[in-house]
Amino acid sequence: MASLLPSVIFSLLCLLISNLQISVAQSAGVCYGRNGDNLPSEADVVALYKSRGITRMRIYDPNRATLEALRGSNIELIVDIFKGDLQSLNDAGKATEWVQNNIRAFPDVKFRYIAVGNEVRPNDAEAQFVLPAMRNIQNALSSANLQGQIKVSTAIDTTLQEGYPPGNGVFSAAANSYITPIIRFLTENGSPLLANIYPYFAYVDNKAQIQLPYALFTSPGVVVHDPVSNLDYQNLFDALLDTLYSALEKASAPDLKIVVSESGWPSEGGDGASVENAGTYYRNLINHVKGGSPKRKEGPIETYLFAMFDENKKGGDPVEQHFGLFSPNQQPKYQLNFS
């Protein structure tokens with residue numbers, strides 16, 4: 001029996017290392033937007049994810065061709081529900097139909113989260129429909145016995161939070177009545193809060209006080225000491241994330257997990273937007289999220305890079321078209337290692 005002990009220990013160590021490698025490899029997914037007229041086919045996109053070792057994807061609607069291409073791929077998926085569809089999903093029957101058509105019809109797709117709305121603001125007309133739609137989608141999943149496999153959430157941005165340093169983070173007065181019942185729903189159902197976190201926009205909006213290295217993870221030492229929490233911050237990503245965690249603590253949800261559902265840096269089109277800066281940001285972000293933040297040291301931080309491709313039909317400021325990790329011809333813009 002004693003002679004078997006070393007081999008047993010060795011086997012257990014191999015299993016542990018394997019699990020750690022899987023956890024690290026899966027910590028960074030990539031968002032797949034389709035606002036372009038020159039993008040590869042959905043089948044080619046899924047093949048590109050697989051060839052690059054990208055094991056998680058976010059899509060912004062339940063596009064049939066994408067879901068068909070994902071069958072059997074083993075890629076874990078966040079699927080969004082459009083703002084414009086939220087009101088109809090306040091009807092329980094419509095929510096059941098949505099789950100039937102877009103989730104149950106694809107049993108060989110690995111759905112991870114359903115994002116009920118993306119960056120809906122408290123003053124948006126759709127805000128009143130978010131939580132009822134979340135409840136109805138949750139009930140439809142439960143009826144299909146999928147509630148343990150797929151979690152229902154919504155994706156917010158950092159405009160809902162305020163406070164500095166991170167330990168003073170709170171939800172704004174305008175956001176409180178909107179986000180507090182959503183937080184309660186997430187806690188009750190064991191779902192994470194999805195949050196789009198962009199140091200790029202925080203930097204360009206406040207260049208007088210935020211230095212570029214702090215936004216790019218390249219500061220050589222501590223930049224911000226937080227006397228409230230007695231924690232030190234060397235990068236803006238952690239500061240934004242922990243500000244949100246502080247807000248959740250004050251909203252009586254100290255254990256709610258945050259999934260970073262978008263984060264990226266543009267390669268052109270605005271201040272600080274360059275191939276060099278974007279490559280630096282993406283490389284450092286992929287490495288950084290293998291660990292945790294000062295407030296939540298346990299890692300990895302589940303994170304989705306925005307986005308897979310430059311999208312030439314995306315509206316808004318010029319930078320919005322230049323967040324891609326790849327050009328539409330599938331050539332990489334940066335040398336990134338996802339595994």
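Reply: Contact means heavy atoms within 4.5 Å. Helices (H or I, at least four residues) and strands (E, at least two) are DSSP runs numbered from the N terminus, while axes are lines fitted to C-alpha atoms, for helices over the stretch in contact, with angles from 0 to 180 degrees between N-to-C directions. This is a predicted model, in which local features need pLDDT of at least 70 and side-chain atom pairs count only at pLDDT 80 or more, whereas totals for chains, interfaces and linings use all residues. Residues are numbered from 1 along each chain as its sequence is written, and side-chain values use heavy atoms, with hydrogens and water left out.

Me: Which strands make up the closed barrel, and in what order do they run?
Reply: Two strands count as paired if DSSP finds at least two bridges between them. The barrel is closed, has 8 strands and shows parallel pairing, and the twist averages 25° from one strand to the next. Helix H2 (residues 42–51) packs on this sheet, where H2 touches strand E1 (28–32) and strand E2 (56–59) and makes about 165° with the direction of E1. The order of the barrel is E1-E2-E3-E4-E5-E8-E11-E12.

Me: Is strand E11 largely enclosed or largely open, and why?
Reply: Buried means under 20% relative accessible area, exposed over 50% and partly exposed in between, with a 1.4 Å probe and protein chains only. Strand E8 (residues 193–196) pairs with E11 in the parallel sense over 4 bridges, and E11 pairs with strand E12 (residues 303–305), also in the parallel sense, over 2 bridges. Because 6 of the 6 residues of E11 (residues 258–263) are buried, the strand is, relative to the rest of the structure, largely enclosed.

Me: Which residue of E12 is the bridge partner of Ser 263?
Reply: E11, helix H10 (residues 275–288) and E12 form a β-α-β unit that is right-handed, a term for a crossover whose path from the first strand over the helix to the second runs clockwise when the strands point away from the viewer. H10 lies across E1, E11 and E12, and runs at about 160° to E12. Within E12, the partner of Ser 263 is Leu 305.

Me: Which residue stands opposite Asp 157 in E8?
Reply: Strand E5 (residues 151–157) is mostly covered, with 6 of its 7 residues buried, and E4, H5 and E5 make a right-handed β-α-β unit. E4 and E5 pair in the parallel sense over 4 bridges, with Asn 118 opposite Ala 155 in E5. E5 also pairs with E8 in the parallel sense, over 3 bridges, and there the residue opposite Asp 157 is Asn 196.

Me: At what angle do the axes of H5 and H6 cross?
Reply: The axes of helix H5 (residues 127–143) and helix H6 (residues 173–189) come within 10 Å. Their crossing makes H5 roughly parallel to H6, given that angles under 35 degrees count as roughly parallel, over 145 as roughly antiparallel, 65 to 115 as roughly perpendicular and the rest as oblique. The contact includes Ala 127, Val 130 and Leu 131 of H5, together with Tyr 178, Pro 181 and Ile 182 of H6. The crossing angle is roughly 10°.

Me: Does Phe 217 count as buried or exposed?
Reply: Phe 217 is in the loop between helix H8 (212–215) and strand E9 (224–226), and its phi is near 70°, a positive value in a residue other than glycine. Among the residues that Phe 237 touches, not counting those up to four places away in sequence, are Phe 217, Val 260 and Tyr 281. At 16% relative accessibility, Phe 217 counts as buried.

Me: What is omega for the peptide bond from Gly 299 to Pro 300?
Reply: Pro 300 is found in the loop between H10 and E12, and Pro 165 in the loop between strand E6 (161–162) and strand E7 (170–171). The peptide bond from Tyr 164 to Pro 165 is cis, with omega near -5°. The bond from Gly 299 to Pro 300 is cis as well, with omega near 0°.
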